[in-house]
Amino acid sequence: MTARTIRTLAATLSLTAALAISGCSSDSGSGAAADADKPKMTVTGAFMPEPVNDKMAGAFMVIKNDSKTADKLTAVTSPLSDDLQIHETKDQKMQQVASMDVPAGGELKLERGGNHVMFMGLKNQPKVGDKVTVELRFEKADPVKVELDVKERTYNAQNTSAH
């Protein structure tokens, strides 16, 4: 073999080995990196005021995003209703929206008089003390199951953040 053939063969083997190693590490590494970057949501203060009838109900909570990646609440599902809607309130008017932002390192507050989840056409009418299960779905984060405590109709969660 000539020196040129040996150098070409060595370069080819090195390139093949580098591609094989990078292929292996990118498969396992990208999954770990993707999971590290994926937002993880936590929920506090979740409740539903006792519905007046079986036509509609509201749900309120605080969704916290402790990650460095912003996300969006895109859907809510529940065995209590086949029609859950995400509503925003602007200028004292409620309207359905496709999604709501959950900022990186921040929170989305769903509260009376503001943004909230609406249950339309309830399958039954929960009473004070019951729990209603919902699943929150996000654009990037894994779904989160939440139990809403059914509270008195006049109940309003106290804002505990200091200003």
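**Exercise 1.** Is Lys-40 buried or exposed?

*Solution.* Start with the ground rules. This is a predicted model, in which local features need pLDDT of at least 70, side-chain atom pairs count only at pLDDT 80 or more, and totals for chains, interfaces and linings use all residues. Residues are numbered from 1 along each chain as its sequence is written, and side-chain values use heavy atoms, with hydrogens and water left out.

Step 1. Take the cut-offs: buried means under 20% relative accessible area, exposed over 50%, partly exposed in between (1.4 Å probe, protein chains only).
Step 2. Lys-40 has 61% relative accessibility, so Lys-40 counts as exposed.
Step 3. Lys-40 sits in the loop between helix H1 (3-37) and strand S1 (41-49). Helices (H or I, at least four residues) and strands (E, at least two) are DSSP runs, numbered from the N terminus.
Step 4. List its partners. Beyond neighbours within four places in sequence, Lys-40 is in contact (heavy atoms within 4.5 Å) with Lys-64, Asn-65, Asp-66 and Ser-67. Asp-66 is 26 residues away in sequence, yet its C-alpha is 6.7 Å from that of Lys-40.

**Exercise 2.** Find what surrounds the side chain of Asp-71.

*Solution.* 
Step 1. Asp-71 belongs to strand S3 (residues 71-77).
Step 2. Check for a salt bridge (a side-chain nitrogen of Lys or Arg within 4 Å of a carboxyl oxygen of Asp or Glu). Asp-71 is buried and has none. Lys-140, the nearest side chain of opposite charge, is 5.4 Å away. Here Lys and Arg count as positive, Asp and Glu as negative; His and the chain ends are not counted.
Step 3. Turn to the backbone. A polar atom of the Asp-71 side chain lies 2.9 Å from the backbone nitrogen of Lys-140. For the backbone nitrogen of Ala-141, the distance to a polar atom of that side chain is 2.7 Å.

**Exercise 3.** How many aromatic pairs does a search of the whole structure find?

*Solution.* 
Step 1. Rings of Phe, Tyr and Trp (its six-membered ring) pair if their centres lie within 6.5 Å; planes under 30 degrees apart count as stacked, over 60 as edge-to-face and the rest as tilted.
Step 2. The search gives two pairs. Phe-47 and Phe-60 are tilted, at 5.3 Å centre to centre and 35° between planes.
Step 3. Phe-47 is in strand S1 and Phe-60 in strand S2 (residues 56-65), so this pair ties together parts 13 residues apart in sequence.
Step 4. Phe-47 and Tyr-155 have ring centres 4.8 Å apart and planes at 80°, so they are edge-to-face.
Step 5. Phe-47, Phe-60 and Tyr-155 form one aromatic cluster.

Note on methods. A polar contact is a pair of N or O atoms within 3.5 Å; within protein, one must be able to donate a hydrogen and the other to accept it, and residues adjacent in sequence count only if both atoms are side-chain atoms.
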